[in-house]
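Notebook open, structure loaded. I want to look up a pocket, the nonpolar cores and a helix pair.

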Amino acid sequence: MPRISRKLAAAAAILGAGIALFVILKLSGPVQQPVESRERVWRVDTLIAQPAKLSPTLTLYGRVETPELLRAAAPADGRVATVAAREGQRIEPGQLLLSMDPRDFEPRVQQAQADVDDLEAQLKRERLQHAANEAALAHERELLELAERALKRARDLRERKLGSDAAVDQARQDWQRQSLAVTTRQLEVDEHGARQRQYEARLERARAALTQALLDQERSTISAPFSGFVARVEVAAGDQVKRADTLLTLYPTDALEVRAKLPAPYQQELLQTLDAGRTLRATARAGGREIKLHLDRVSGEADPSGIDGLFRIQHGAELLRLGSMITLQLQRDPQAGVVALPYTALYGNDRMYKLVDGRLQAITVQALGDYAGAGESPMLLVKSAQLQAGDRLVTTHLPNAVTGLRAEAVTASDSAAAP
């Protein structure tokens with residue numbers, strides 16, 4: 001028993017020493033400082049708001065067309081001799097484009113000329129015949145007077161028993177025959193006016209046919225009537241064509257215009273501007289060069305999506321071709337108190353943030369449209385009663401942006417949001 005008691009006492013002493021050593025190490029160890037929680041600060045780009053009077057732009061998509069598209073057609077049946085034009089070729093006034101075989105037109109001209117010559121000869125003959133008929137009528141009347149006197153003498157002789165009934169009958173017969181001759185000759189004289197008008201009408205018809213034949217012959221050679229481009233070539237040399245078949249399609253450079261749909265929400269605004277006589281200008285780009293246009297008129301028909309606007313090209317028409325699709329930037333009426341910002345500043349359709357005392361503050365804005373400023377990137381025009389000059393507007397798009405979020409501007413000096 002005494003031996004067991006000694007072992008327990010030793011174990012207790014060792015355990016106590018261990019506990020004491022742990023307490024000493026615990027008390028002599030370094031003291032851990034509590035973790036301090038810090039709010040994250042988001043670094044953002046900002047602009048200083050400077051409201052101004054700016055013109056919002058409207059992006060439109062248009063197609064190049066022309067109301068003066070010329071379709072050169074065959075003046076008559078014939079064969080194409082030469083085709084000097086090529087599709088897309090630039091042309092100048094008087095330039096030869098196509099010619100038809102002259103042998104198809106010369107016989108028609110000769111036949112029409114022969115008809116005219118024949119009718120002119122007939123008309124001349126009719127006038128000579130009329131002059132002869134008038135002269136013959138005078139002689140026929142003299143002969144009629146002689147026949148009347150002969151008939152009277154025959155009757156007198158018969159009454160005096162100096163002549164026979166046969167002589168009277170013969171004299172009467174001669175008088176009637178001469179009377180009929182006078183009547184016939186008078187009819188020929190009286191019909192002269194009608195015959196002359198008939199010949200003149202036929203001559204006019206023949207001359208018209210000759211003019212048409214000459215015009216067809218002239219039109220068998222097609223030359224450029226203006227400066228422009230060849231849109232299409234429908235035939236090749238050697239083709240047999242019929243009257244009114246389309247040979248070439250041309251259009252003048254200065255008659256090109258662009259048809260673009262004006263969205264329904266802006267339709268009334270744009271129509272009111274046109275009615276007030278103000279010019280709505282637009283720009284486009286082609287081949288790195290600027291094209292200038294203005295809204296000339298609107299189409300006579302509309303649909304639920306809007307109405308077609310027709311833009312007249314003022315500068316740069318030579319860069320376009322018929323049927324080309326281009327993007328227009330239409331400048332609307334300027335509006336006061338608006339600010340131009342990058343699209344990254346807008347959240348949704350009507351919300352953006354300004355930086356106030358190091359925290360984001362949401363404001364509701366009205367997006368008015370695009371703005372083509374001095375920079376290459378498109379800007380957005382906004383307007384809001386909560387927006388004041390000098391406000392620092394956040395242009396960095398934060399995925400977790402909310403009112404009260406801590407933020408700081410990247411740069412100390414910010415560029416102004418003005419034109």
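This is a predicted model: local features need pLDDT of at least 70, side-chain atom pairs count only at pLDDT 80 or more; totals for chains, interfaces and linings use all residues.

A pocket here is an open set of grid points with protein on both sides within 12 Å along at least five of seven lines, and a residue counts as lining if it has an atom within 4 Å of a point.

Pocket entry. I looked up the second largest pocket and got a volume of about 190 Å³. Its lining includes Ala73, Ala74 and Pro75, and I also find Leu215, Asp216, Glu218, Arg219, Thr221, Ile222, Ser223 and Ala244 there. Which element gives the largest share of the lining? That is H4, with four residues. Helix H4 (192-219) and strand S9 (221-223) each supply at least two lining residues. Sorted by class, I have six nonpolar, three charged and two polar residues around this pocket.

Core entry. The largest nonpolar core holds 26 residues, and Leu293, Phe311, Leu328 and Leu330 touch the most other members. Strands giving two or more residues to this core include S4 (57-65), S10 (228-233) and S15 (289-303). I then listed what Leu328 touches, skipping residues up to four places away in sequence: Leu58, Thr59, Leu60, Val258, Ala260, Thr283, Ala284, Leu293 and Phe311. Another core, of 20 residues, lies apart from the largest one, and Ile222 and Val230 are among its members.

Helix entry. Back to H4, which packs against helix H3 (residues 165-190) at an angle of about 40°, with the axes 4 Å apart. On the H3 side I noted Glu188, Val189 and Asp190; on the H4 side, His192, Gly193 and Arg195. By class, that contact has three charged, two polar and one nonpolar residue.

Conventions. Residues are numbered from 1 along each chain as its sequence is written. Side-chain values use heavy atoms; hydrogens and water are left out. On a 1 Å grid over the protein atoms alone, a cavity is a set of points where a 1.4 Å probe fits but cannot get out, and a pocket is an open set with protein on both sides within 12 Å along at least five of seven lines; lining residues have an atom within 4 Å of a point. Grid points are joined across faces, edges and corners, and a volume is the space filled by probe spheres set on the points. Ala, Val, Leu, Ile, Met, Phe, Trp, Tyr, Cys and Pro count as nonpolar, Asp, Glu, Lys and Arg as charged, and the others, Gly among them, as polar. A nonpolar core is a set of buried Ala, Val, Leu, Ile, Met, Phe, Trp, Tyr and Cys residues joined through side-chain atoms within 4.5 Å. Buried means under 20% relative accessible area, exposed over 50%, partly exposed in between (1.4 Å probe, protein chains only). Contact means heavy atoms within 4.5 Å. Axes are lines fitted to C-alpha atoms, for helices over the stretch in contact, and angles run from 0 to 180 degrees between N-to-C directions.
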